[in-house]
Amino acid sequence: MAATETVRPLPQFDNSNAELMVPRHGVVTLFGYGIQVRVDRGHLLIECGIGADRRYARLPRVGHGLRRLVCISEDGFTTLSALKWLADVGASFVMLNRSGKVLLVTGPTAPSDARLRRAQALALGNGVGLEVSRALIDAKLEGQERVALERLKDSPTAQVIATLRQRLPVANTPEMIRNLEAQAAVAYFAAWRNVPVLWPNADMRRIPEHWRTVGNRHSPLSGGPRLAITPVNTILNYCFALLESETRLALTSLGLDAGLGLGLHTDTPNRDSLALDVLEPVRPRVEEWLLTWIMQEPLRRADYFETATGNCRLMTRLCTKLSETSPVWGKLVAPWAEYVARTLWDRANQSTARRRLSTPLTQQHRREAKGRAPLPRIEAPTTDRLCRGCGKTIERRYGTCSDCATAVATERLASASKLGRIAARSPEAHAKHVASHLRHTKANSAWDASKQPAWLTDQLFSEKIQPLLTQASPSAIAKLLGVSRWYAGRIREGYRPHRRHWEALANLVGLSAPRREPAESGV
């Protein structure tokens, strides 16, 4: 039976006025309204934006550089062929909201091994889950202790965390481990509470009082970290959502069930307990990176907005920048995901002839075979350098933009001039002026005009010496004559000094007595 109507193709997108999107660090962030992710003639076609301000990308299957497609909007569509395209090239699709909640994660998966899944299901009852949980929390407390000591410079808090960490080996139940971790978190984030947050000078009048410090980790809107009311905690929530999505992708690629935890996080609907368990050792690395950022660089008011309830939200530009850090968090969590999978596998298969579990995330087996280092050093993500005056993005070698630098220099010059005038009126300065005046007066009186060379006339000084003095520096004139730089500057500008200085100034500019021609001999 013939079709009665042809399926209408999607309208072609006019990208003549749209901004081209290029993956940065392997990440493309989608925002706005009317988002489209579809396949067009073998290419992944992406469109997003707000109103007439649109962005687009057309990525081929080879050389696209895409690893994560992060969506922070809920308006638009993604076709099945686009999800298939992402799976074929090994890229992942992540959907988050601005409050720091993971809504959807899809990515490459590994063939599921029933023995590994069975070992994961039995780990909570046979002691393996307790062993892994203890190791994960031990690493987390070690990281918090380091951050408190090295970044916060808070030795008492670091000592409290160290004491709690020493009690981990005798924690025989998941509840005891969770209790120790909770006590450490209370002390740790209490040390964060009053850390000041830097803002550009131009934004200070628009910054709420509670935004000027890190603030309490627990929001009064939710009773927990969710719905943060300060920018730093909002950033932390969003970065933890990125870390959670990376952990889910890592566990899925290893054949584990991200929702079946090991005891650190109780079973709750719509929560990936194992992912939250495994990411615990990486949290201090994220917190250390954020703490270093806010201590060295100012935040920008335009990157945040406050809802009617007081909830602090991130604007699109900052969400895009933060999403680009996800590959770093993925690299940091990869060894821990493989550690959990390897521990479960080894405890379930005790025979000596068992095959080793593969390490697709870190390539550790391949590195060992080639004699390389177990794991390369992973550098923390870099942040933008903002002008401390207006908040404009600048190069990392500068502290302020050119406009603010001029204003700051002018203000400093005015302050220095004021201090100079005050110092010039002090009794010590007055005594120096009197002594200098007496010294030069005596030198002028003692000078003998008959010793002045005959060739050094008024006309010669005006026509030859003074024009050449404009090329000499005030410091050189001051050092030569023993006068102040201010007086030397006046001489350089055309002021005629006492005659006793003329010969020295003539030597400074390279003039000397004219040579006499020898007399002609008679015949």
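Select valine 39 first: leucine 44 in S4 stands opposite it. This is a predicted model, where local features need pLDDT of at least 70, side-chain atom pairs count only at pLDDT 80 or more, and totals for chains, interfaces and linings use all residues. Residues are numbered from 1 along each chain as its sequence is written, and side-chain values use heavy atoms, with hydrogens and water left out.

Now show both strands. Strand S3 (residues 35-40) and strand S4 (residues 43-50) run antiparallel, joined by five bridges. Strands (E, at least two residues) and helices (H or I, at least four) are DSSP runs, numbered from the N terminus. Two strands pair if DSSP finds at least two bridges between them. Pick glutamine 36 next; its bridge partner in S4 is glutamate 47.

Go to the hairpin of S3 and S4. Two residues lie between the strands, and arginine 41 has a positive phi near 50°. Most residues other than glycine have a negative phi.

Move to the other partner of S3. S7 pairs with S3 over three bridges, in the parallel sense. Select valine 37 to find threonine 78 of S7 opposite. Then colour S3 by accessibility. Five of its six residues are buried, so S3 is largely enclosed by the rest of the structure. Buried means under 20% relative accessible area, exposed over 50%, and partly exposed in between (1.4 Å probe, protein chains only).

Widen the view to the sheet. Five strands form an open sheet in the order S1-S5-S4-S3-S7, with mixed pairing. Strand S1 (19-20) and strand S7 (76-78) are the edges, each pairing on one side only.

Which residues touch the most other members of the largest nonpolar core? Select Leu30, Leu44, Ile235, Tyr238, Tyr304 and Leu322, out of 103 residues in that core. Such a core is a set of buried Ala, Val, Leu, Ile, Met, Phe, Trp, Tyr and Cys residues joined through side-chain atoms within 4.5 Å. Helix H6 (residues 231-253) gives the largest share, twelve residues. A second, separate core has 15 residues, including Ile465, Leu469, Ile477 and Ala488.

Return to leucine 30. Beyond its neighbours within four places in sequence, its contacts (heavy atoms within 4.5 Å) include Met21, Ile35, Val37, Ile46 and Leu69.

Next, show helix H3 (residues 128-150) with helix H8 (residues 283-296). Their axes (lines fitted to C-alpha atoms, for helices over the stretch in contact, with angles from 0 to 180 degrees between N-to-C directions) come within 8 Å and cross at roughly 20°. H3 and H8 are therefore roughly parallel to each other, a label for angles under 35 degrees.

Finish with two loops. Is lysine 153 buried or exposed? Lysine 153 sits in the loop between H3 and helix H4 (155-166), and counts as exposed at 64% relative accessibility. Its phi is positive, near 55°. Glutamine 363 lies in the loop between helix H10 (326-348) and helix H11 (364-370). The phi of glutamine 363 is near 55°, also a positive value. Glutamine 363 is partly exposed, with a relative accessible area of 30%.

Definitions and conventions. Angles under 35 degrees count as roughly parallel, over 145 as roughly antiparallel, 65 to 115 as roughly perpendicular and the rest as oblique.
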